[in-house]
Amino acid sequence: MAGSPRLVVSDASPLIALAAVGHLDVLRALMGAITIPPAVRAEIDADGGQRRGAAAIRKASWITVIPPRQAHLVETLRLDLDAGEAEALALALETQARLLLIDERRGRRRARALGVPVTGTAGIVALAKEDGLIPAVGPLLETLRRDAGLRLREAVVRRVLMRAGEAS
């Protein structure tokens, strides 16, 4: 991929969470195009595609699906990650992605150990505040927890609130 812009690869959870609360546009404004592997598309389309926010993700022309080429890498990553996380991490490694969007702690640890830069939904919200796309992180984090079922540790919430200047 020399000479081409480096991709942003996403696992399902950041897309689903932001779409479920009507903030998928924030992700596009921050990242531009997003690339997902087929297993992530399958997670989004699970339950007959009736998951809240799935339709918005499917309609987003700036989200493209690219399969990882290294099946053996995906198989190795599947030893401790789910299919979407494994394919997303494999794709991020193969393309030397500039960023992997992933929420699950195990997947984030594995990505960092392999030298892949990561952020999750809470980090995206913090960036959105820094770029002036949202007025405050606190209310959006609460909405993501309540309405999208996003599980965030209190330490993560405190860290994001401090970063955004919304907590002491």
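The model is predicted: local features need pLDDT of at least 70, side-chain atom pairs count only at pLDDT 80 or more, and totals for chains, interfaces and linings use all residues. Residues are numbered from 1 along each chain as its sequence is written, and side-chain values use heavy atoms, with hydrogens and water left out.

**Helix packing**

Helix 9 (residues 137–147) packs with helix 10 (residues 154–163) at about 155°, and their axes are 10 Å apart. Axes are lines fitted to C-alpha atoms, for helices over the stretch in contact, and angles run from 0 to 180 degrees between N-to-C directions. Helices (H or I, at least four residues) and strands (E, at least two) are DSSP runs, numbered from the N terminus. Helix 9 and helix 10 are therefore roughly antiparallel (over 145 degrees). The crossing is right-handed (the near helix is turned clockwise from the far one by less than a right angle).

Helix 9 contributes Val137, Gly138, Leu141 and Arg145 to the contact, and helix 10 contributes Glu154, Val157, Val160 and Leu161. Contact means heavy atoms within 4.5 Å. By class, the contact has 5 nonpolar, 1 polar and 2 charged residues. Ala, Val, Leu, Ile, Met, Phe, Trp, Tyr, Cys and Pro count as nonpolar, Asp, Glu, Lys and Arg as charged, and the others, Gly among them, as polar.

**Salt bridges**

The whole structure has 6 salt bridges (a side-chain nitrogen of Lys or Arg within 4 Å of a carboxyl oxygen of Asp or Glu).

Arg58 sits in helix 4 (residues 54–59), and Asp45 in the loop between helix 3 (38–44) and helix 4, 13 residues apart. Arg58 is partly exposed at 37% relative accessibility (buried is under 20% relative accessible area, exposed over 50%, partly exposed in between, with a 1.4 Å probe and protein chains only). Asp45 is partly exposed at 28%.

Asp80 is partly exposed at 29%, and Arg110 at 24%. Arg145 is partly exposed at 25%. Glu154 is partly exposed at 44%. Arg145 and Glu154 also take part in the contact of helix 9 with helix 10.

**A loop residue**

Gln70 lies in the loop between strand 3 (63–65) and helix 5 (71–77). Gln70 is partly exposed, at 32%. Its C-alpha atom is 29 Å from that of Leu18, 52 residues apart along the chain.

Definitions and conventions
Angles under 35 degrees count as roughly parallel, over 145 as roughly antiparallel, 65 to 115 as roughly perpendicular and the rest as oblique.
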